[in-house]
Amino acid sequence: MMFSLLIFLSLVNIIISVPSPGRENVCSRQVSVLHSRSVSYSVSHQTTGSTNCGFLGWGRCRTYGRRYTRSYRLQYWSVYSTNYYCCSGWAEDGLGGCTIPLCPPDDCGVGGTCEDPDTCECNSGFQGTQCSDINECADNNGGCEHRCSNTAGSYYCECNTGYVLKPNGRDCE
């Protein structure tokens, strides 16, 4: 039972993982959130009045007093926190880091893999940011004596009718 709970908690951690500080390609920014609350305080008012005083209460005396009322005001304060996110060109790996490079919308085509942001590592016969096929036949007929046929990532030479391809794969006899 304890083992199952441990596996469950590990999976939850992976599923809700967010980029962590100090990990590869993790950037941060400080944000502030303004909070407010109503705060009560006492307000003191001095009161004055008069009362009967003196011999047989025939005189008038001044009285002083204090009255308190409760008032409210809004109190504001900022809470600062640091948000962590994947730097530009990187995606979350689900383990708290950002190690998955992002490449062009069409990815790297059929001829390569995404190695760094916007950088495709192309297989032989492919080139460019999206690993497009190189048309080897466009440059000097691919080195073929007669005809050159371009294929995805490669090419081959063909000979005209009545000729056969020599072992070097380019010349005809």
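Cys144 and Cys157 form a disulfide, with their sulfur atoms 1.8 Å apart; a disulfide is a pair of cysteine sulfur atoms within 2.5 Å. The torsion about this S-S bond is about -75°, so the disulfide is left-handed. Cys144 lies in the loop between β8 and β9 and Cys157 in strand β10 (residues 154-158), so the pair ties together parts 13 residues apart in sequence. Strands (E, at least two residues) are DSSP runs, numbered from the N terminus. Cys144 is buried, at 7% relative accessible area. Buried means under 20% relative accessible area (1.4 Å probe, protein chains only).

The model is predicted: local features need pLDDT of at least 70, side-chain atom pairs count only at pLDDT 80 or more, and totals for chains, interfaces and linings use all residues. Residues are numbered from 1 along each chain as its sequence is written, and side-chain values use heavy atoms, leaving out hydrogens and water.

The whole structure holds nine disulfides. One of them joins Cys137 to Cys148 (S to S 1.9 Å). Its S-S torsion is about -70°, so this disulfide is left-handed. Cys137 lies in the loop between β8 and β9 and Cys148 in strand β9, so the pair ties together parts 11 residues apart in sequence. Both cysteines are buried.

Ser149 is also found in strand β9. Its relative accessibility is 15%, so Ser149 counts as buried. Leaving aside neighbours within four places in sequence, Ser149 is in contact (heavy atoms within 4.5 Å) with Cys137, Tyr155, Tyr156 and Glu158.

Definitions and conventions: Helices (H or I, at least four residues) and strands (E, at least two) are DSSP runs, numbered from the N terminus. Buried means under 20% relative accessible area, exposed over 50%, partly exposed in between (1.4 Å probe, protein chains only).
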